Amino acid sequence: MWASVRRYEANPELADRLVTHSDEVKALISGVPGVVSYYLIHDGSDTISITVADDKAGVDRSNEVAADWLREHHSDVPSSPPHITEGEVLIKL
């Protein structure tokens with residue numbers, strides 16, 4: 001399994017937008033082959049998404065799909081590119 005964490009720093013508006021479109025976001029990410037789970041976190045300042053997939057190809061594709069969707073649907077929300085951390089899941093509950 002692989003995981004990807006996308007952190008959009010100092011962008012609380014993005015979390016609000018994604019929640020407003022949660023059905024669309026869930027359909028988009030769940031449509032990526034191999035995706036196991038997706039989480040959206042808001043810590044008061046940053047918007048963070050976590051995607052877990054069967055393999056690296058799944059998390060890479062989810063990153064591409066997320067970036068394309070944001071450019072197409074929410075380009076009016078000021079945002080710098082996310083800081084992306086991804087890697088192999090070593091321990092799972």
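Which helix supplies the largest share of the lining of the largest pocket? Helix H3 (residues 56-73) does, with 3 residues.

## The model

This is a predicted model, in which local features need pLDDT of at least 70, side-chain atom pairs count only at pLDDT 80 or more, and totals for chains, interfaces and linings use all residues. Residues are numbered from 1 along each chain as its sequence is written, and side-chain values use heavy atoms, without hydrogens or water.

Helices (H or I, at least four residues) and strands (E, at least two) are DSSP runs, numbered from the N terminus.

## The largest pocket

A pocket is an open set of points on a 1 Å grid over the protein atoms alone, with protein on both sides within 12 Å along at least five of seven lines; lining residues have an atom within 4 Å of a point. The largest pocket holds about 250 Å³ of space. Its lining includes Tyr 8, Leu 70, Arg 71 and His 74.

## The cavity

In a cavity, a 1.4 Å probe fits but cannot get out. The whole structure has 1 cavity of 30 Å³ or more. The largest cavity holds about 100 Å³. Among its lining residues are Arg 6, Tyr 8, Ile 29, Tyr 38 and Leu 70. Strand S1 (2-8), helix H2 (22-30) and H3 each give at least two lining residues.

## Thr 51

Thr 51 sits in strand S3 (residues 47-53). Its relative accessible area is 0%. A polar contact (N or O atoms within 3.5 Å, one able to donate a hydrogen and the other to accept it) of 3.4 Å links its side chain to that of Arg 6.

Note on methods
Points joined across faces, edges and corners; volume = space filled by probe spheres on them. Buried < 20%, exposed > 50% of the residue type's maximum accessible area, 1.4 Å probe, protein only.
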